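Dear colleague,

I am handing over the structure below, and after it you will find my notes on what turned up. Please read them with the structure open beside you.

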Amino acid sequence: MAIRSVFFQALLTACLAVVCTGAASEARNNHNAAPAKLNALSRVQLSSELAARLIEVRVRAGDRFQKNDLLARFDCTELKAELEGAESQRTLARRQLDANISLRQLGGNISELEMVQSEAQLAEATANAKVLTHRNSLCEVRAPFDGYVVERSVEPHQRTEVGAPLFELVDNRGLEVEAIIPSAWLADLSLGDRFQVTITETGHTYPATLQRIVPVVDPVTRTVRVIGVIDSGDDAINTSRLLISGMSGEARFQRAKSTSDLLADGSGQQGAN
């Protein structure tokens, strides 16, 4: 019985040691973990730059598009007529100036004031035509990059005003990891440090590199935002298709003891005076 008791006591001690070691390791790991989320590098809300009626809206939420694809088109009948009139005025002003120059060269009675007025009329007509040409280029709303439609705020035949939202677009090809860490960690981290980020939605863990630190500490929570990018290794490339903006998870940092001033420039090469 004594031998059996000693055996069970030794076994219990070993089990407690394993449990305690695991708990300590978990606690240490959790100590270096911080909430994180993915942000798209390109995410934009397109707004109307014309006060006009939409005659065509080609995309809906979730649609994929390529750069320069037509997303919507305005009814610009009136604007095109104004441009044709402006082009005619510019042509007329050009001919008037050319005629005055020819007449002056032939010794005609053209005053300096008339020459200046002709040049001014041509400059004004040219400027007006340029403005209307630019406004006509806004009649078609085209995609600024490859991506997806997040939200569509307009419908065909709807009249919009200047500044009214049209579409929200996102490009998930370029994602960055934003984590919120305790400000006390800043002394232990350096730009270029590697860390791991686990995304809840995919269940995968990706290697990432710390790129930027937002140099403002929240005075209430004593936290600071740090930003990194997921490394473009083979595994990351295979799984990056699953990653989209807004996914969240946890970033785990390997905190090395360092006294470098991250908020200065992150190089750690500035010595003391």
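**Notes on the structure**

T209 touches G192, D193, R194, F195, G228, V229 and D231, if residues up to four places away in sequence are not counted. Please keep in mind throughout that this is a predicted model. T209 has its place in strand β10, which covers residues 205-213, and because its relative accessible area is 17%, under the cut-off of 20%, it counts as buried. One of the residues it touches, D231, is also joined to T209 through the side chains, by a polar contact of 2.8 Å.

As for the protein overall, its secondary structure comes to four helices and twelve strands, and 33% of its 273 residues are buried. Among the contacts with a separation of 6 or more, 73% are between residues 24 or more positions apart. The accessible surface comes to about 17,200 Å², and carbon and sulfur atoms account for 53% of it.

Next come the aromatic rings. A pair of aromatic rings is described by the distance of the centres and the angle of the planes. The search of the whole structure finds three aromatic pairs. F65 and F145 form a tilted pair, with 6.4 Å from centre to centre and 40 degrees between the planes. Since F65 lies in strand β3 (residues 64-65) and F145 in the loop between β5 (140-142) and β6 (147-152), this pair ties together parts that are 80 residues apart in sequence. F65 counts as buried at 2% relative accessibility, and F145 is buried as well, with a relative accessible area of 14%.

The rings of W185 and F253 have centres 6.1 Å apart and planes at 70 degrees, so this pair is edge-to-face. W185 lies in the loop between β8 (165-182) and β9 (194-199), while F253 belongs to strand β12 (residues 248-253), so that the pair ties together parts 68 residues apart in sequence.

Strand β4 (residues 70-74) deserves a look of its own, as it is mostly covered, with four of its five residues buried. Strand β2 (residues 52-57) runs antiparallel to β4 and is joined to it by three bridges, and in this pairing V57 has A72 in β4 as its bridge partner. β4 also pairs with β5, again in the antiparallel sense and over three bridges, and here L70 stands opposite R142 in β5.

Finally, which cysteines form the disulfide? The search of the whole structure finds one disulfide, and it is formed by C76 and C139, whose sulfur atoms are 2.0 Å apart. This link is left-handed, with -110 degrees about the S-S bond. The pair links distant parts of the chain, 63 residues apart, with C76 in the loop between β4 and α2 (77-105) and C139 in the loop between α3 (112-137) and β5. Both C76 and C139 are buried.

With kind regards

Key. Residues are numbered from 1 along each chain as its sequence is written. Side-chain values use heavy atoms; hydrogens and water are left out. Rings of Phe, Tyr and Trp (its six-membered ring) pair if their centres lie within 6.5 Å; planes under 30 degrees apart count as stacked, over 60 as edge-to-face and the rest as tilted. Helices (H or I, at least four residues) and strands (E, at least two) are DSSP runs, numbered from the N terminus. Buried means under 20% relative accessible area, exposed over 50%, partly exposed in between (1.4 Å probe, protein chains only). Contact means heavy atoms within 4.5 Å. Accessible areas come from the Shrake-Rupley method with a 1.4 Å probe; for residues, only the protein chains shown count as cover. Two strands pair if DSSP finds at least two bridges between them. A polar contact is a pair of N or O atoms within 3.5 Å; within protein, one must be able to donate a hydrogen and the other to accept it, and residues adjacent in sequence count only if both atoms are side-chain atoms. A disulfide is a pair of cysteine sulfur atoms within 2.5 Å.
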